[in-house]
Structure formats: structure tokens, C-alpha cells
Amino acid sequence: MYTKRLIEAGRWILIAIVLAGIVAFYRHFPGANHTTVALTLLLLVLGLAGNWGLRYAVGASIAATALYNYFFLPPVGTFTIADTQNWVALFAFLGTAIYASHLASRIREESEEANARRHESEMLYRLGRQLLQPENVAQLFNFIPSSVANAFNSPAVTLYIAQGDRIYLSDPKYISSPRIPWCAPEAPTEAGRTPYIDRPRTEIVRDLREAMMMPIFRPPNTGCPTAIPLRVGVRPSGALLLEDTVVSRETMEALSGLISMSIERAEALETSARSEAAKETERLRTALLDSVTHELRTPLTSIKASVSALLSQDSLDPASCKELLTVIDEESDRLNHLIEQAVEMAQLDANKVHLEMKPLSVAVLIDDAVAEARTAYPGRDFRIALASNLPPALADAGWVLKVLANLLGNAAKYSPPGPNGQAQPIFVSADQQGDMLAISVADRGAGIDPLEQGMIFDKFYRGQSYRNPNQGNRIGGTGMGLAIARSIVNAHGGSIGVTSQLGHGSVFTFTLRIARP
């Protein structure tokens, strides 16, 4: 306040000095006439109105009229005017000066108001872009107070959501919670803010609820925050309180609408996401039931038929009994494998798998996986080609072996015999690619259609090559193997992909991180 008074006093002194300078200049300038002096004084008045406001311009107009009469209208040196025309000229000058200063001041105020509206519109635009960043309602509620505080240069912003009486603060130390009817808080602290711990939560919620029901309130200089109710349609949903911020009512209404729409949008997106998740869950459940039911029914049918044959035939020879028992044993293993896959998929989806990451030799992992594949698929030709001096990989041996076993098994199942009836070879290779180790399994099978290559890693998806190319019979599987492999590789921090061409085979490649000392 003291500084403001000093500025005002300085301006009045400067106006007096300029008026005295104009009078002194024209008093000693022999060629000056009354019109020139009047226009010079009028120009000064217009400059004051355009830069400092109407108050200074009107004061300067009155002072200039008095000086003009005393020093330039005859008889000079007195405030008496002998000629009637000079009276007309004097009042015309005074009226012109005051009216022109009013117009100039009005233009200045409207220009300042337009600049203020433009600045507020820019702040609303930036705020609107920021409010699009949160991904869910909870993040949005925590994001709004700090974003509004930054956009409007407010030291403290409080967001109140009526549903659940939730309170979110830009400054965790303070909460804008004035008493109702609106006035400065009792025992105000810095910037009129009240410490959150100084009042019971029930009183704070009560005041915020009353603020939510009130129209937009812009307080005078009482230390009270600006209160902006939030509404969804006509229903109050919360309130926003800003400290030490003065904006237009139109901007406050726009801010209220912007935040309300942002909350509605986030809630709608969250509802849509939950709906989509429910639909996806139902789709996966249906696919799981269809796939698993079909795959379970085949071994169960074989087991049931074998057991029925054993029970109904008392005179079966030992070879037939052994054959039926072998069928039961193999189909039981198949059932067990299906159940293991379902359990692994559930664990990987729920992130409940604990990986024991250790430096491992890639050559040893590949040798172990190929040895198991040769046992499972006798007669198949597995060829290994490893780059020299491969560094160890950081991985869990058990889970990586599952990935290799799945890829090798798929290559063996989907690779047809060669022209001479011998099985096509399956190639396993590994090399270093930057900070990763790349392991590839290649076959010379039927290949994968380019349209399917992006879907074969999805759960329960079965490609068009699920039938034996020569025999036409269905190749067993649930469509979970590659999905499990992708989840395992992603858990290791790597990636998996496929390169394939119809009629020429496929190459599946996955990466593992290199173990660093």
C-alpha cells in the first residue's frame, strides 16, 4: 500500500512538471498561438488517459484548463476572460479534454480486459491439454489441483468431490476451507490459508459442501479463496477453491465446465474400459472353454474307451492289455500337460511367477532343450549353430527351457516330411545383438500367412496351419503355447517375434538380456 501511494504521488508530480514545461516553452516561443497550445495540452491529456487511466487525465484536464486560461487567454495573468469567444474556447477545450480522456481510458481498459481474457483463454487451453494426460479417474483427481495451481499461479488449490467426501490438495500442508457465510478464515496464516490439521475434517467437509451448493463466488480482498462449484448437468458434484487468484466470472465458469467435463470423460473412459475388460474376459472364458473342452474331450474319450474295453473283456491277451494301458498312460500325460499350461498361463497373467534370474550358458540351455525334443520327436533332425564366444544370458533356466520346448515342438509338429519321406531339419541358432542374445528356431514347414503373424501369440488362437499338410487331420493344441512363451520372454525383459513365408517355413526368434558382471 505504501509503495502504491508513492507511485501515485510520483505520477502527479511528473504531470505537474510536464504542464509547467509546456507553459514555459510556449510562453517563450513567440510564434505560438492559442490553438497550438490547446492541442499540445490535449495531446498530453490523451497520453495520460491511454497509459495511466481516467483519474490522472481528468485531473490534468482541469489543471491544463486553468493554466491555459491564466497564461494564454487575454487578459493574460488573470483568470478573467474578456472575450465571450474565449469562454467558448475554454469550455470547448475542457469538454474535449475530458471526453477524449474518457474515450482513451475506455479503450485502454478494454484493451487490458481483452489481453486478460486472451491470457485466461491460453491458461484454460494449456490446462485442458494437461487434463487429457491422466489415464484414470483417480490420477485425474490427484492431478487437477496441481495443474490448476500451475496454470493460474495460485499458491494453493483444493478440489472437493462430493461422492465419498474426498479432498485433494495442491499443497499438502494447507487446505482452502473458509467458513460459511463467506469470510476470511479464523486465525488466517500465509496467504489466508488454514492449516489442514487445525480444524476437524467434519467441519471442513461441511464448509466445502456448502461451497459446492453456492454460485460462483469471487471474494473481495478478505483473504478468502475463489470458490467454483462443479456440476454434472444440474447436479452439484464438487467444488474447486483457488487461493490468491483473480479471474473473470466467464473464466471461472469455463474452468468449472472444463474440469467437470474432464471428470465425466475420465469416468466414461474408465466405465468403457471396464466394460471392454468384462467383454474380453467373457470372450477369453468362452474361448478357453471351447478350446480346453475340445482338447480335454479327446484324451478323456480315449481313456474311457480303453478302460471300458479292459473292464468288459475278460479274455484280452497281454499285448492288447498293454496297448490299452499305454493309451491310458499317454492320454493321462496329455491331460496333465493341458492342465499345466492353463495353470502357467494364469500365473503369468497374474504376475505371480517368481523368476530366479542367474547367468546361464545359452549353449547349455539349447543342448538341454534339443535333447528333450529329440526324445519327444525321434527321427527328427535338429541342427544347432551357435556363434562363437557367446556371453551368458540373465535368465531363469526352467522357464526358458519351456519357451524352447514350445518352439521346437511347434516346429516338429508343423513341418511336413521332405520329398523323399524324411522329415525336414529344424535349425536352432543363437547370436549376440547389442545388449541382447537372440535365439532362433527355424523350420521348413508350410509357413504362416502374413495376416496371421500378428495373432499367433494371442491366447487360444489357432492358425490355419493347425492341420497336417499331408494328412489333413487336426494337429493337437490349445493355442496357449505361444502366448505362454511370449509372457515368459516379456517377464525376462526380452521380446519374441516370427518371420515367415508361405511354403518356405518360419523362424521364431526371442531375445534375452546379457548377464553383466
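**A mixed sheet and its surroundings**

Modeller: Let's begin with an open sheet of five strands, ordered E8-E10-E11-E13-E12, whose pairing is mixed (strands pair if DSSP finds at least two bridges between them). Strand E8 (382-386) and strand E12 (496-501) are at its edges; each has a single partner strand, so one side of each is left without a neighbour in the sheet. On average, neighbouring strands here are turned by 20° against each other, direction ignored.

Before we zoom in: this is a predicted model, so local features need pLDDT of at least 70 and side-chain atom pairs count only at 80 or more, while totals for chains, interfaces and linings use all residues. Residues are numbered from 1 along each chain as its sequence is written, and side-chain values use heavy atoms, leaving out hydrogens and water.

Now look at E8 and strand E10 (residues 426-433), which pair in the parallel sense over five bridges. In this pair, you can find Ile-384 opposite Val-428 in E10. Helix H9 (residues 362-376) lies across E8, E10 and strand E11 (436-442), and runs at about 175° to E8 (axes are fitted to C-alpha atoms, for helices over the stretch in contact, with angles from 0 to 180 degrees between N-to-C directions; contact means heavy atoms within 4.5 Å).

To see this sheet in context, turn to an open sheet of four strands, in the order E2-E1-E6-E5, where the pairing is antiparallel. Its edges are strand E2 (166-169) and strand E5 (226-232); each has a single partner strand, so one side of each is left without a neighbour in the sheet. From one strand to the next, the twist averages 20°. Strand E1 (residues 157-161) and strand E6 (residues 235-242) are joined in the antiparallel sense by five bridges, and Val-157 faces Leu-242 in E6.

Helices lie across this sheet too. Helix H5 (residues 137-151) lies across E1, E2 and E6, at about 150° to E1. Helix H6 (residues 201-213) lies across E1, E2, E5 and E6, at about 110° to E6.

H6 deserves a moment of your time. Its buried residues are Ile-204, Val-205, Asp-207, Leu-208, Ala-211 and Met-212 (buried is under 20% relative accessible area, exposed over 50%, partly exposed in between, using a 1.4 Å probe and protein chains only). They span an arc of only 165° around the axis, which puts them on the same side of H6 (the arc is that of directions from the helix axis to the C-beta atoms). On the other side of H6, Thr-202 and Met-213 are exposed.

Next, find Ser-262, which lies in helix H7 (residues 249-312). Ser-262 is buried, at 11% relative accessible area. Leaving aside residues up to four places away in sequence, Ser-262 touches Leu-131 and Leu-140. Ser-262 and Leu-132 are 130 residues apart along the chain, yet their C-alpha atoms are separated by 7.5 Å.

Finally, step back to the whole chain. There are 11 helices and 13 strands (DSSP runs numbered from the N terminus: H or I of at least four residues, E of at least two). Of the 517 residues, 39% are buried. Among contacts between residues at least 6 apart in sequence, 67% join residues at least 24 apart.
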